[in-house]
Amino acid sequence: MATIYSTDRLVIRDWTLEQADLDRVFEIYSRTEVARFLAAPLLPLREPAGAAEMVRRWHARNATFGDGFGIWAVQRRDDGLVVGTVMLKPLPGVDEAKLTDDIEVGWHLDPECWGHGYATEAARGAVERGFALGVKELYAVVAPDNEASMRVARRLGMTPVGRRRDWYGGIEVETFHLARP
């Protein structure tokens, strides 16, 4: 498992098809507390086999994003527990078939791991990575009722720009913006 980047408490790496990762994907994405904020038709996962399909889709998407971008596992350094997902990737457009030039930083965490600063720490590392890659501006898109994720975006220094329908099939999302310093 190659490290993509790391922070003081976290290692960000590719998701694998190893059973431990699949168990964590299922645990996180079968939770209604997570799925309700994601406009994904296959969520919440109902069967453990869905976790492998999800990881395979992430791997396929990562291959289309370009070097430096992806959807990755967030693993605690101290005990190796995978606490969630962080992403740095092009946003899909209204038709979802074509990627836009807009780059998203995003996060999904196991509810058991909420409130420990992991989302902010992992996303801050993704922001730094994006700017180091030359990205000029980043977006976070958040379900309108996801106050916790809006707080994470603000902690990252992102500015709220209101609701938009430019991405993810045209669903309405609260949008946050951060320009490279």
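Predicted model: local features only at pLDDT ≥ 70, side-chain atom pairs only at ≥ 80, totals over all residues.
Which strands does H1 lie across? Residues are numbered from 1 along each chain as its sequence is written, and side-chain values use heavy atoms, with hydrogens and water left out.

**View 1. Helix H1 lies across strands of the sheet.** The strands concerned are E2, E4 (82-92) and E5 (99-109), and H1 runs at about 75° to E4. Helix H3 also packs on the sheet, where it touches E2, E3 (70-76), E4 and E5, and its direction makes about 120° with that of E3. Helices (H or I, at least four residues) and strands (E, at least two) are DSSP runs, numbered from the N terminus. Contact means heavy atoms within 4.5 Å. Axes are lines fitted to C-alpha atoms, for helices over the stretch in contact, and angles run from 0 to 180 degrees between N-to-C directions.

**View 2. The sheet is open and has 8 strands.** Their order is E1-E2-E3-E4-E5-E6-E8-E7, with mixed pairing; two strands pair if DSSP finds at least two bridges between them. Strand E1 (3-6) and strand E7 (159-164) stand at the edges with a single partner strand each, so one side of each has no neighbour in the sheet. From one strand to the next, the twist averages 30°. E1 and E2 (residues 10-14) run antiparallel and are joined by 3 bridges. Tyr5 stands opposite Ile12 in E2.

**View 3. Helix H1 meets helix H3.** The axes of H1 (residues 19-29) and H3 (residues 49-65) come within 8 Å and cross at roughly 100°. The two helices are therefore roughly perpendicular to each other, a term for angles of 65 to 115 degrees. Leu22, Val25, Phe26 and Tyr29 in H1 meet Ala51, Ala52, Met54, Val55 and Trp58 in H3. By class, this contact has 9 nonpolar, no polar and no charged residues; Ala, Val, Leu, Ile, Met, Phe, Trp, Tyr, Cys and Pro count as nonpolar, Asp, Glu, Lys and Arg as charged, and the others, Gly among them, as polar.

**View 4. Tyr29 is placed in helix H1.** Tyr29 counts as buried, at 1% relative accessibility; buried means under 20% relative accessible area, exposed over 50%, and partly exposed in between (1.4 Å probe, protein chains only). Not counting residues up to four places away in sequence, Tyr29 touches residues including Val34, Leu38, Trp58, Thr85 and His108.

**View 5. Arg31 forms salt bridges with Glu27 and Asp110.** A salt bridge is a side-chain nitrogen of Lys or Arg within 4 Å of a carboxyl oxygen of Asp or Glu. The closest N and O atoms are 3.3 Å apart for Glu27 and Arg31, and 3.5 Å apart for Asp110 and Arg31. Asp110, in the loop between E5 and helix H4 (118-132), and Arg31, in the loop between H1 and helix H2 (32-35), are 79 residues apart. Asp110 and Arg31 are buried, whereas Glu27 counts as partly exposed at 32% relative accessibility. Arg24, Glu27, Arg31, Glu33, Asp110 and Glu112 are linked in a network of salt bridges.

Definitions and conventions:
Parallel < 35°, antiparallel > 145°, perpendicular 65-115°, else oblique.
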